[in-house]
Amino acid sequence: MPTPVIDIDSLTKVYPRQIGQPARRSLDDLRLRIGENEIFGFLGQNGAGKTTTIKILCSLLRPTKGAASVCGHDVRTRAARSCIGYLPENPYFYEYLTPRETIDFYGRLQGLDKATRAREWDALSERLDLRGIGAQRIRGFSKGMRQRLGFAVALVGDPPVLILDEPMSGLDPLGRRMIRELILSLRAAGKTIFFSSHVLGDVEQICDRVGILVEGRLRTQGRIDELLNRRNEQVELVVSGLSAETADALARDALHARRSEAGLHLTTADAAAANAMARAALSEGGQIVEFTPIRESLEAYFVKEQAS
Amino acid sequence: MTGKILAVAQNTFRESVRDKVLYVLLFFAATAILGSKALGWISIGQDIKIVKDISLSAISVFGVLIAIFVGTNLVYKEVDKRTIYTILSRPLHRFEFILGKYLGLAALLGVVTISMAVVAAAYVLTLGGTVDTTFAIAVALTYVELLLITAFSVLLSTAASPILGALVVFSIYVVGHATNILIDLPPHFDDTFARRVMELVYYILPNLSNLNVRAEAANEVAVAWAYVGWATAYGLFYTAVVLALAALAFEDKDV
């Protein structure tokens with residue numbers, strides 16, 4: 001990998017002992033590198049250490065050991081924070097401000113001048129569909145509206161790296177779709193996106209790579225296609241119009257077979273075996289109703305990793 | 001840098017103005033100032049003096065209560081409501097955040113102090129009294145005292161819950177007005193551990209009596225400008241030290 005945009009090196013975080021609570025190791029020797037213009041999905045159960053990692057990257061927590069950098073700058077520096085747009089899980093803002101005032105406030109913290117802040121509002125309100133609610137107080141906003149505003153805040157100052165903590169949690173299907181499309185458009189605009197999520201279907205759709213965190217340790221990381229081993233995927237073939245003898249013969253050659261109203265369902269080890277079986281069925285006067293690769297889902301893979 | 005501090009300060013001012021406790025305390029302060037005449041009636045020929053004395057004390061006490069109740073919540077509330085996440089992840093120093101929060105509340109207390117002083121002065125004039133320079137100096141030094149108490153409140157806000165913070169800061173206010181009792185101990189305390197602790201506290205805590213010329217203002221006794229300058233410098237120096245401690249306490253804090 002060329003110079004990583006996010007470089008996490010042996011990061012360990014131990015929360016000190018408190019009254020009634022023992023010390024807790026939240027992260028243990030985490031090493032991770034995220035390349036430029038990549039969408040990286042950071043997965044793990046509740047308490048696995050995802051938010052701790054994100055908060056260390058955003059300089060909200062100090063690591064017990066190890067270091068991390070963003071755009072080549074130590075995460076403790078202002079230079080690193082200049083590169084980051086951060087969306088916390090369930091973002092909270094000052095309830096008495098309007099979205100327009102909120103964007104202006106964060107623009108000032110980013111060091112933008114007045115004219116630039118006004119342009120930021122124009123661009124972000126258009127992009128996140130905030131124009132209609134620009135003058136309303138945030139108090140009373142729905143989850144979806146807050147999330148849109150949170151994204152707009154993260155994008156103030158056009159940072160090259162976006163760190164998003166559960167950006168899709170609690171959103172309805174339309175809201176999730178909007179966020180997915182937004183993330184993809186940000187990658188198209190050259191951004192690097194690091195996000196944690198429990199919505200594995202969404203992660204599978206948009207991520208280039210994922211990492212799975214189990215009890216503070218990185219269990220695995222890589223491209224989704226490689227992790228799910230899709231080159232050797234099984235295929236389900238559904239055929240109809242076969243004689244009983246031909247059907248029995250094909251069923252014997254399949255890994256698994258069952259009958260339904262649609263026809264005979266045959267599971268084969270790979271696409272080549274399925275093709276051979278389809279040719280045999282056609283030559284015996286049968287019809288191919290379905291030819292479906294059985295893909296291991298990220299969710300199934302995630303559950304398997306957690307169990308192991 | 002200044003722009004970022006100012007952004008946090010303006011926001012803190014707007015936030016604090018919405019705090020209901022501010023208006024409750026202002027109501028009681030106004031009641032105390034306007035009700036001071038009642039005590040004046042039982043002090044024959046002293047009513048203006050009593051009104052001035054009570055009014056200036058009300059400005060101090062209620063100003064301190066606002067500084068404590070709003071101040072000890074300042075940083076704590078940001079962490080508790082998680083608004084701090086999106087702020088500290090921006091390119092600003094943590095001390096800029098602390099300073100901004102402090103200046104926002106200091107500005108609010110400035111407005112509150114001036115408002116209470118104007119009401120008190122108008123009331124004194126209505127009763128036929130005069131408002132002289134010493135009265136203004138007493139108000140100004142009270143404001144310096146509020147700046148110092150606010151700094152303590154912000155320090156405690158970075159490290160403790162609002163209730164614990166309020167108790168500690170109020171104790172500092174009370175003991176700070178009577179620091180002499182810490183060293184004027186009976187002879188049987190000589191060479192004891194308790195005496196050494198008391199002496200240590202005496203030297204650490206600010207002597208808030210240095211900022212109290214309210215009796216002089218009530219009695220219309222002039223205060224030397226040199227003293228005013230020294231007392232102001234004393235209060236502001238302590239304030240700067242306490243704010244530096246607050247920034248230090250917050251620098252590596254996990255939020």
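Before I list who touches whom, I note that contact means heavy atoms within 4.5 Å. I also keep in mind that this is a predicted model.

**Entry: two helices of chain B**

I started with helix 6 (residues 94-126) of chain B and helix 7 (residues 133-159) of chain B, whose axes come within 9 Å and cross at roughly 150°. Angles over 145 degrees count as roughly antiparallel, and that makes helix 6 of chain B roughly antiparallel to helix 7 of chain B. I looked up the hand of this crossing too, and it is right-handed.

Next I looked up the residues in contact. From helix 6 of chain B I noted, among others, B:Ile98, B:Tyr102, B:Leu105, B:Gly110 and B:Ala121. On the side of helix 7 of chain B, the residues they meet include B:Phe135, B:Val139, B:Tyr143, B:Leu147 and B:Thr158. Sorted by class, this contact of helix 6 with helix 7 of chain B has 16 nonpolar, four polar and no charged residues.

**Entry: the six-stranded sheet of chain A**

I moved on to chain A. In what order do the six strands of its open sheet stand? I read 6-7-8-3-9-10, with mixed pairing. Strand 6 (84-87) and strand 10 (217-223) of chain A are the edge strands, each pairing on one side only. On average, neighbouring strands here are turned by 15° against each other, direction ignored.

I then picked out two of the pairings. Strand 3 (residues 39-44) and strand 9 (residues 209-214) of chain A pair in the parallel sense, over five bridges. There A:Phe40 has A:Arg209 in strand 9 of chain A as its bridge partner. Strand 6 and strand 7 of chain A also pair in the parallel sense, over four bridges, and A:Tyr86 stands opposite A:Ile163 in strand 7 of chain A.

Which strands does helix 1 (residues 50-57) of chain A touch? I found strand 3, strand 6, strand 7 (161-165), strand 8 (192-196) and strand 9 of chain A, and the direction of helix 1 makes about 145° with that of strand 7 of chain A. Helix 5 (residues 143-155) of chain A lies across strand 6 and strand 7 of chain A, running at about 165° to strand 6.

Helix 5 of chain A has a helix partner as well: its axis and that of helix 6 (residues 173-188) of chain A come within 12 Å and cross at roughly 15°. Helix 5 and helix 6 of chain A are therefore roughly parallel to each other, and the crossing is right-handed. Among the residues that meet are A:Phe151 and A:Leu155 in helix 5 and A:Met178 and A:Leu182 in helix 6 of chain A. By class I noted seven nonpolar, one polar and one charged residues in this contact.

**Entry: the four-stranded sheet of chain A**

Last, I looked up the open sheet with the order 12-13-11-14 in chain A, where the pairing is antiparallel. Strand 12 (256-260) and strand 14 (287-294) of chain A each have a single partner strand, so one side of each is left without a neighbour in the sheet. Five bridges join strand 12 to strand 13 (residues 263-268) of chain A, and A:Arg258 stands opposite A:His265 in strand 13 of chain A.

Technical notes. Residues numbered from 1 in each chain as written. Chains lettered and ligands numbered in written order. Predicted model: local features only at pLDDT ≥ 70, side-chain atom pairs only at ≥ 80, totals over all residues. Heavy atoms only, no water. Pairing = 2+ DSSP bridges. Axes fitted to C-alpha atoms, helices over the stretch in contact; angles between N-to-C directions. Parallel < 35°, antiparallel > 145°, perpendicular 65-115°, else oblique. Left-handed = near helix turned anticlockwise from the far one by under 90°. Nonpolar A, V, L, I, M, F, W, Y, C, P; charged D, E, K, R; others polar.
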